[in-house]
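Please read each point with the structure in view.

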Amino acid sequence: MARSRLWLMIAVGLSILILALSNAVLSDHYMLLSFVLLLAVMLPLFVRFERRKLEARELVLLAMLAAIAAVSRIPFAALPSVKPVSAIVILSALVFGSEAGFIVGAMAALVSNIYFGQGPWTPWQMFAWGMMGVSAGLLRQTWWMKKRLGLLAFGLIWGFLFGWIMNLWVVIDLAVALEWKAVLAVYVQSFYFDLAHALSNVFFLAILAGGWIKVLERFRKKYGLLDSG
């Protein structure tokens, strides 16, 4: 477990480094950056399974969860920031752990943008949803996340954190990125979108948590899928 966490932190560090260099080196090659980031976040999963046989159905399960999260954005396309993706990422991480949450979140962003449009924002979305999954997985055994109100509060907080991470891409892209007034304006203007995301997280977690956790736990226990012990 300690070794798995070490590789997870390495992957997170690589992701941050890649994002930091993206605008300077790969700003015009965002698809390449997206796939590099995806490979970086997938590394811990393969390291985690290095000592036992990797089941194909485990990869299928991750792909299925990522696909469901990606497709869930489409019906809510007309409602900015209102989407069940975050709830699905959080619930996946609660059952299967940080690595799975990271991969489901990152892949959901990449796949869903095939419909919504790829761009320089794609790797930032991959990172934001991936980190949402990581934090949910790391906290899944705490009393806070085991309480319904704690889970809803977690979703509320991450609705704002997601927006703040995405604001960094906007700030970096601005020619006046180093002016604090411009930075403040970006964050102030995004408040209502971040609030909408936060409240939608609470809503979708409230209606999905019970059923999804039971179903995913049943799969995990019956087939030993992504079982972290």
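**Notes on aromatic pairs and selected residues**

1. Phe203 has a relative accessible area of 49%, so this residue is partly exposed. The model discussed here is a predicted one. Phe204, by contrast, is buried, with a relative accessible area of 7%. The rings of Phe203 and Phe204 form an edge-to-face pair, because their planes stand at 70 degrees, with the centres 5.2 Å apart; planes over 60 degrees apart count as edge-to-face.

2. The count of aromatic pairs comes to eight. In one of them, the ring centres of Phe160 and Trp164 are 6.3 Å apart and the planes lie at 45 degrees, so the pair is tilted. Both residues belong to helix 8 (residues 148-173), where they are four residues apart, about one turn of the helix. Phe160 is buried at 17% relative accessible area, whereas Trp164 is partly exposed at 39%. Ring pairs also link Phe160 and Trp164 with Phe191 and Tyr192 in a cluster.

3. Is Val85 buried or exposed? Its relative accessibility is 0%, so Val85 counts as buried. This residue is found in helix 4 (residues 85-96). Beyond its neighbours within four places in sequence, Val85 is in contact with Ala69, Ser72, Arg73, Ala108 and Trp129.

4. Arg73 also has its charged end over the ring of Phe116, 4.3 Å from the ring centre.

How values were computed:
Residues are numbered from 1 along each chain as its sequence is written. This is a predicted model: local features need pLDDT of at least 70, side-chain atom pairs count only at pLDDT 80 or more; totals for chains, interfaces and linings use all residues. Side-chain values use heavy atoms; hydrogens and water are left out. Helices (H or I, at least four residues) and strands (E, at least two) are DSSP runs, numbered from the N terminus. Buried means under 20% relative accessible area, exposed over 50%, partly exposed in between (1.4 Å probe, protein chains only). Contact means heavy atoms within 4.5 Å. Rings of Phe, Tyr and Trp (its six-membered ring) pair if their centres lie within 6.5 Å; planes under 30 degrees apart count as stacked, over 60 as edge-to-face and the rest as tilted. A charge sits over a ring if NZ of Lys or CZ of Arg is within 6 Å of the ring centre and within 35 degrees of the ring normal.
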